[in-house]
Amino acid sequence: MINETYRRLGEERSVIREIFEYANARKRAIGEENVFDFSLGNPSVPPPAALNDALVQLVRQTPPVALHGYTSAAGAPDVRAAVARYFNEAFGVPLPPELVYMTCGAAASLTIALHALCEAGDEFVVVAPYFPEYRVFIESAGGRVAEAPADARFHLDLSALDRAIGARTKAVLLNSPNNPTGAVYTAQELAALAALLRKKSAARGAPVFLISDEPYRELTYGAPVPQPMTFYEHTIVCYSFSKSLSLAGERIGYLAVSPRCDGAAALFAAVCGAGRALGYVCAPTLFQRVCARFLGESGDVSAYRDNRDLLYGALRSFGFCCTPPEGAFYLFVRSPEASATAFCERAKRYELLLVPSDSFGAGGYARISYCVPRAVIERALPAFGRLAADYGLRGEVCTRAK
Ligand code: PLP
C-alpha cells in the first residue's frame, strides 16, 4: 500500500532529532533555563553582520524575479561562476562553473552525489564514527555502507581503509572537520588516502571516488583544513552554508565535481539527473545570491573555540575522557559505562541532553554539540559535575586519548 522503508524511516526519526524534540518538551515543562540541550548542531553564533546588510540590499535592489523566481536547475550562472572562482583562488583548483551545482544544504549535496554514482551492488566506505544520516542517504540511493574505524585519535586509519575498500567500493565518504569527533584530517593523511584510492582504482579498473562532505570547512581552531580535491582527482565536494554562515534553516549549499575527474562532464550530467529525479532543482534563489557574496567566510569561530575550551577543560577536570576537538563544534566524550544509551539516559536525570554514539557507528560515547550560547554551558557545568560524581569519576584520571 505504501512504501514500508520510508514509513519505517519516518516513524523512527533520527536519534538526534528525537532528543531535540524531548528537549523542547522538557523546556516547556520545567523552563528553558533548566534544560541543557546539546543535541542538534544548530549554530547559535549569528551570521556575519554584513550578511544581514547584503540581504537587505539584495531585497531592496533586485527585481523580484531575480530574487524569488526560478534559476536554472543547477543554480544561477553568476552564482556558479562565483563558486568556481572561489575554488580557483582559495585552492588553486581550475573548477569551471559548469561543474558546480547549487543545492539545498549538504544533505541534498550528499544525496545527489550518492544517487549520481550508485549502481546495483555498490558499497560506500565511511569512517566510523560518522554522521548517522550517512547510512540513510547511502541506503536510500541503493548502496551498502562499509565502515572503516578511525584510529585512536579519531583520524584516518589507512590500514582500516585499505581493508574496507574492496572490488564493490564506489566511493569513500569523508567528513573533515568531523562530526561527531572534531577531527581535522591533515594534508599527509589526505595524500596517503589519495595514494590508496589510486591503488584501489587501478585494481578495480574504474575510479573509486572520494565524496568530501565539508559543512564545517571554515570551523577550525587553528588546524589547517586542506582541500581534498587538490589531493585526489576523482573528488566530489559537498558543501553547505548551514554551519559556516549559521544558515542551517535556509537550506543552501553546493556540489562541485573535480575537473580532473575522468568523465567529469558525464558525472556532472548524472548529478543533474539525480537532482532532477530527487526534486532538488533550483536551490533557494535569494540565498544563492546572498551566499555568493560570502564564500569562505564564517560567523565568529572564536565563540565556538571558547565553548570548546570551557567544556573540554571542565569535563576533563571532572574525570571524563575526551579528545580535544580540532574543528566543527562537537565533543565526543567516552561513556563511563559500556552502554552509551544508558549513559545518556542517566545524563537526562540532570537535564543534560547528549546523543548516544551507537547510531554514529561507534559504541561507548556520547556526542555533545556545543554550538550553544556560552551561558548554557556555564549553567550546565554543575550538572556535568554531578553526573561525574554519580559515576564516581575523579578529576583528570583519564589517561586514554580516546
Ligand atoms: N553532513 C554532516 C557531517 C553534518 O553534520 C550535517 C548536519 O549536521 C550535514 C551533512 C547536513 O547539513 P545540511 O544541514 O547543510 O543539510
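This is a predicted model: local features need pLDDT of at least 70, side-chain atom pairs count only at pLDDT 80 or more; totals for chains, interfaces and linings use all residues.
## About the model

Residues are numbered from 1 along each chain as its sequence is written. Local features need pLDDT of at least 70 and side-chain atom pairs count only at pLDDT 80 or more, while totals for chains, interfaces and linings use all residues, and side-chain values use heavy atoms, with hydrogens and water left out.

## Aspartate 37

Let's start with aspartate 37, which lies in strand β1, residues 36-37 (strands are DSSP runs of E, at least two residues, numbered from the N terminus). With a relative accessible area of 11%, aspartate 37 is buried (under 20% relative accessible area, 1.4 Å probe, protein chains only).

Leaving aside neighbours within four places in sequence, aspartate 37 is in contact with Phe20, Ala23, Lys27, Leu353 and Val372 (contact means heavy atoms within 4.5 Å). Tyrosine 22 is 15 residues away along the chain, and its C-alpha atom is separated from that of aspartate 37 by 9.3 Å.

## The ligand site

Now to the ligand: 15 residues surround it, and the closest are Asp213, Tyr216, Ser240, Ser242 and Arg251 (a residue counts if one of its heavy atoms lies within 4 Å). Helix α6, residues 105-117, gives the most to this shell, with 4 residues (helices are DSSP runs of H or I, at least four residues).

An oxygen atom of the ligand is 2.9 Å from a polar backbone atom of alanine 106. For alanine 107, a backbone N or O atom lies 2.8 Å from a ligand oxygen atom. On the side chain of aspartate 213, an N or O atom is 2.6 Å from a nitrogen atom of the ligand.

Key: Buried means under 20% relative accessible area, exposed over 50%, partly exposed in between (1.4 Å probe, protein chains only). A polar contact is a pair of N or O atoms within 3.5 Å; within protein, one must be able to donate a hydrogen and the other to accept it, and residues adjacent in sequence count only if both atoms are side-chain atoms.
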